[in-house]
Amino acid sequence: MKTTASPARVLARMIAILQLLLKNEGEVVNTKDMVAALEIKGIKSTLRTIQRDLVLMQSVGLPIMRYGHSAGKNGWYAASDRESLLAMAAIKDADLL
């Protein structure tokens with residue numbers, strides 16, 4: 001039987017993903033590295049769940065971008081334009097987890 005994460009856990013996971021992307025300041029982070037980094041924070045998740053979260057966050061307008069679609073360097077990064085960085089600054093510095 002599949003269990004569903006509470007809305008609070010989903011939000012915490014998404015904030016942790018955003019913080020990871022912002023911490024890496026425009027560098028591409030692949031989803032396997034995200035899973036490992038979240039696990040260190042005590043957030044267990046599957047690769048596919050992280051991928052779904054990223055697509056959802058991008059679809060609602062958060063300034064994150066996908067890079068590459070091949071077996072080479074691919075992953076996600078936070079947009080680095082001034083407006084996006086200002087909008088995301090509070091998330092980067094928040095100590096929520």
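Me: How many residues does the protein have, and what percentage of them count as buried?
Reply: This is a predicted model, and in it the protein has 97 residues, of which 32% count as buried.

Me: And what about the surface, how much of that is there?
Reply: The accessible surface of the protein comes to about 6,600 Å², and carbon and sulfur atoms account for 56% of that area.

Me: OK, which elements is it built from, and in what order?
Reply: The protein holds four helices and two strands, and, read from the N terminus on, these elements follow the order α-α-α-β-β-α.

Me: Where do α1 and α2 sit in the chain, and at what angle do they pack?
Reply: Helix α1 covers residues 7-23 and helix α2 covers residues 31-40; the two pack at an angle of about 115°, and their axes are 10 Å apart. The crossing in which α1 passes α2 is right-handed.

Me: Which residues meet there?
Reply: From α1 there are Arg13, Ala16, Ile17, Leu20 and Leu21, and these meet Met34, Ala37 and Leu38 of α2. Sorted by class, the contact of α1 with α2 has seven nonpolar residues and one charged residue, with no polar ones.

Me: Changing topic, which residues have the most contacts inside the largest nonpolar core?
Reply: That core has 18 residues, and those with the most contacts inside it are Ile17, Leu21, Met34, Ile50, Leu54, Met57 and Ile64.

Me: Which element gives the largest share?
Reply: Helix α1 does, with seven residues of this core. As general background, nonpolar side chains in soluble globular proteins tend to be buried together.

Me: You listed Met57, so what does it touch?
Reply: Leaving aside residues up to four places away in sequence, Met57 touches Met14, Ile17, Leu18, Leu62 and Ile64.

Me: What about Ser45, where is it, and is it buried or exposed?
Reply: Ser45 lies in the loop between α2 and α3, the latter being residues 47-59. Ser45 counts as buried because its relative accessible area is 19%, and the cut-off for buried is under 20%.

Me: Which residues does Ser45 touch?
Reply: Again not counting residues up to four places away in sequence, Ser45 touches Arg13, Val35 and Ile50. Arg13 is also one of the α1 residues that meet α2, while Ile50 is among the residues with the most contacts inside the largest nonpolar core.

Technical notes:
Residues are numbered from 1 along each chain as its sequence is written. This is a predicted model: local features need pLDDT of at least 70, side-chain atom pairs count only at pLDDT 80 or more; totals for chains, interfaces and linings use all residues. Side-chain values use heavy atoms; hydrogens and water are left out. Axes are lines fitted to C-alpha atoms, for helices over the stretch in contact, and angles run from 0 to 180 degrees between N-to-C directions. A crossing is left-handed if the near helix is turned anticlockwise from the far one by less than a right angle, and right-handed if clockwise. Contact means heavy atoms within 4.5 Å. Ala, Val, Leu, Ile, Met, Phe, Trp, Tyr, Cys and Pro count as nonpolar, Asp, Glu, Lys and Arg as charged, and the others, Gly among them, as polar. Buried means under 20% relative accessible area, exposed over 50%, partly exposed in between (1.4 Å probe, protein chains only). Accessible areas come from the Shrake-Rupley method with a 1.4 Å probe; for residues, only the protein chains shown count as cover. A nonpolar core is a set of buried Ala, Val, Leu, Ile, Met, Phe, Trp, Tyr and Cys residues joined through side-chain atoms within 4.5 Å.
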